[in-house]
Amino acid sequence: MQQLNSLEKRAAVALALVFSSRMLGLFMLLPVFALYGSELAGFSPLWIGIAIGAYGLTQAILQIPMGWLSDRIGRHKVMLGGLVLFALGSVVAALADSVYMVTLGRILQGGGAIAGAVLALAADITREEQRPKVMAIIGVSIGLSFAVAMVVGPLVARLAGLSGVFWFTAILALVAMALVWFVVPKSVQKAPMAETLALPQSLAKMLKNRQLVQLDLGVMLLHLMLTATFVALPQLLTNTGLDSVKHWQFYLPILVGSFVLMIPMMIIAMRKAQEKGFFLFAIALLISAVLTVLLLGNFTGLVIGMLLFFIGFNFLEASLPALVSRIAPAGQRGSAMGIYSSSQFFGAFLGGVIGGAVVQQFGNQMLFMVLAVIGLLWLLVASTLIIPQRAQRLSLAVAVETELAAEQLAAKLSTLAGVQEVTLILAEQRCYLKVSSAQFDTAQAQTMIAAAKA
């Protein structure tokens, strides 16, 4: 935070609070719905899963369109509109007397797909060299909101029931709206659009990039496994004799322990350049986790299994977006992250549906067998992943009039030491570069660009 200016600090904290308050409301249902929704009309394991994962479907569908809309009408308007939808969905779910109305409320909650607008605004009002720090602060806030939700959700549900959880979520939405209105800095878009938002012309290219598709599949399977696990986990805890009001005593030490144990993995992976090895190891932890729960089937098995699960989950949740950002072609990071986010939320939807259907038809044991098979298939796919060297991303303004001049300038820039990739977009009058910071000379590139203007 020391090198951020006052505007960047304000943006980082305010946007992190907006993002995390919304995600807190979404996550709070995970540890309680299977227990407290039993009084709703139409309640069944299948509908547990559908209700839990329903928000993911609308998030997946609307994530990219809402990002585009924010570029047309402004980030703040989209953020406020999305939070209104989120609050409305929370109220519908709070007033529901059937699992079907709760599912409708969750679908409306997911309609508030403001992730793209939030991240684009963060990019708009931060300097390029400080932007990764602001994005990291927002990312950390999501992880913290998940941990808090696992503790707060059971406590609120115990005091006020399932409807109380949704009323609490509606209040969080109002708090987030107040933050957007009064605290989040206002800004006219200035960040390069292609680096922050998904562009229609880039989406097809992203879907042809094998490495990116592998990562998109990975985050989809990761959130599928997470959501499916919570279809069964709350009831399994109750079956061991742990009262629902004490479930937070299970979640809190496991989540804290998983964060503590995950940090050395991250440090060693980065410092020793062993990212792929630890990436595969984290997937193996997920497989080991569900097999532990399956084979032991008691409270000890749940503790060991979920500790292993969240060590792997936290590592992958932090690693996957960083890898997407690194692999994405220069000038197309926004499109790559847009598809990644949609895959993430679609995985949550699939996890709810698959988890609910398997538990209803075959029981909890079969669910964990299915998750183990999914994990093994993911491990096989991930074993072919190629992780490129770390690179710095730069975007430089240019002034070229023709396609030929743009191609010539791009060709010259590609010859500079340290340049890994060059993309020059004539319509934006901007050049995007992926470079090795140790070898690349920015001044040399700017001199070359200035010469092309003359």
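## Helix packing and nonpolar cores

In this predicted model, the axes of helix α11 (residues 247–271) and helix α12 (residues 275–296) come within 8 Å and cross at roughly 150°. That makes α11 roughly antiparallel to α12 (an angle over 145 degrees). Met-265, Ile-268 and Ala-269 of α11 are in contact (heavy atoms within 4.5 Å) with Glu-275, Phe-278, Phe-281 and Leu-285 of α12. By class, this contact has 6 nonpolar, no polar and 1 charged residues.

A nonpolar core is a set of buried Ala, Val, Leu, Ile, Met, Phe, Trp, Tyr and Cys residues joined through side-chain atoms within 4.5 Å. The largest has 128 residues, of which Phe-33 and Phe-310 touch the most other members. Leaving out residues up to four places away in sequence, the residues touched by Phe-33 include Phe-43, Trp-47, Val-99 and Leu-162. Val-400, Leu-424, Cys-431 and Leu-433 belong to a second, separate core of 18 residues.

The chain averages a pLDDT (the predictor's confidence in each residue, from 0 to 100) of 87, and 96% of the residues score at least 70.

| Element | Mean pLDDT |
|---|---|
| α8 (residues 193–196) | 62, lowest |
| α15 (residues 364–382) | 96, highest |

Where pLDDT is low, the predicted coordinates should not be read in detail.

Residues are numbered from 1 along each chain as its sequence is written, and side-chain values use heavy atoms, without hydrogens and water. Local features need pLDDT of at least 70 and side-chain atom pairs count only at pLDDT 80 or more, whereas totals for chains, interfaces and linings use all residues.

Technical notes: Axes fitted to C-alpha atoms, helices over the stretch in contact; angles between N-to-C directions. Helix = DSSP H or I, 4+ residues; strand = E, 2+ residues; numbered from the N terminus. Parallel < 35°, antiparallel > 145°, perpendicular 65-115°, else oblique. Nonpolar A, V, L, I, M, F, W, Y, C, P; charged D, E, K, R; others polar. Buried < 20%, exposed > 50% of the residue type's maximum accessible area, 1.4 Å probe, protein only.
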